[in-house]
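Trainee: Could we go through this fold together, one question at a time?

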Amino acid sequence: WCKHSNFETSVHSPLLLRVPGQANRGGRTAALTEFVDVYPTLCEACGLPAPPHLEGTSLLPLLDQPQRPWKRAAFSQYPRGQVMGYSTRTARYRYTRWQERQGGKLVAAELYDHDQDPGENVNLAERPELAATVQELTAIHEAGWRGARPPAGRV
């Protein structure tokens with residue numbers, strides 16, 4: 001009934017949109033979307049300017065072309081005691097960095113490969129053969145929502 005972790009089972013939610021005049025009615029997409037995308041989508045659908053501080057991306061282009069290239073990542077966070085878990089979800093991986101709330105020191109990390117382990121049962125973060133993947137996901141995490149936006153010129 002509500003989110004209690006950074007695992008897929010807690011943060012994966014259906015997002016259903018209906019916009020009058022939508023080209024691809026009833027379409028489905030596997031693209032990464034977030035609830036922060038709803039506000040800019042409604043602004044664009046109503047012909048209103050979106051406030052510049054919004055972190056989301058209008059989903060209207062995705063509604064018209066559900067298979068188009070889209071966001072590189074979606075983000076979530078959830079606290080656990082004195083640490084905050086920051087998750088970065090890509091099409092294949094979920095990477096969670098557990099950091100102290102005061103100072104931001106990295107305490108632990110979790111990496112799950114959704115192609116091989118959709119139930120997120122085996123943490124791969126410490127595997128040497130995935131060090132480059134962890135480094136890439138760390139860079140995506142640090143770039144945040146601005147770095148995860150759809151490719152330029154395609155929105």
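This is a predicted model: local features need pLDDT of at least 70, side-chain atom pairs count only at pLDDT 80 or more; totals for chains, interfaces and linings use all residues.

Trainee: In what order do the four strands form the open sheet?

Mentor: Strands here are DSSP runs of E with at least two residues, helices are runs of H or I with at least four, and both are numbered from the N terminus. Two strands pair if DSSP finds at least two bridges between them. The pairing in this sheet is antiparallel, and the order is β1-β2-β3-β4.

Trainee: Which strands stand at the edges?

Mentor: Look again at the order β1-β2-β3-β4. An edge strand here has a single partner strand, so one side of it is left without a neighbour in the sheet. The strands in that position are β1 and β4.

Trainee: Which residue in β2 is the bridge partner of Y78?

Mentor: Strands β1 (residues 74-80) and β2 (residues 83-89) run antiparallel and are joined by seven bridges. They form a hairpin with two residues between them, and G81 in the turn has a positive phi of about 60°. Q77 stands opposite Y86, while the bridge partner of Y78 is G85.

Trainee: At about what angle does helix α4 run to β3?

Mentor: Helix α4 covers residues 131-148 and lies across β1, β2, β3 and β4. Axes are lines fitted to C-alpha atoms, for helices over the stretch in contact (heavy atoms within 4.5 Å). Angles run from 0 to 180 degrees between N-to-C directions, and the one between α4 and β3 is about 85°.

Trainee: Is T90 buried or exposed?

Mentor: T90 lies in the loop between β2 and β3. Not counting residues up to four places away in sequence, T90 touches L32, R72, A73, L137 and I140. Its relative accessible area is 10%, so T90 is buried.

Trainee: How many residues apart are R94 and E8, the pair that links distant parts of the chain?

Mentor: A salt bridge is a side-chain nitrogen of Lys or Arg within 4 Å of a carboxyl oxygen of Asp or Glu. The side chains of R94 and E8 meet in one, at 2.3 Å from N to O. R94 is in strand β3 and E8 in helix α1 (residues 8-11), and the separation is 86 residues.

Trainee: Which residues are linked in a network of salt bridges?

Mentor: Start from R94, which also forms a salt bridge with E120, the closest N and O atoms being 2.9 Å apart. Both E120 and R94 are buried. The linked residues are E8, R89, R94 and E120.

Notes. Residues are numbered from 1 along each chain as its sequence is written. Side-chain values use heavy atoms; hydrogens and water are left out. Buried means under 20% relative accessible area, exposed over 50%, partly exposed in between (1.4 Å probe, protein chains only).
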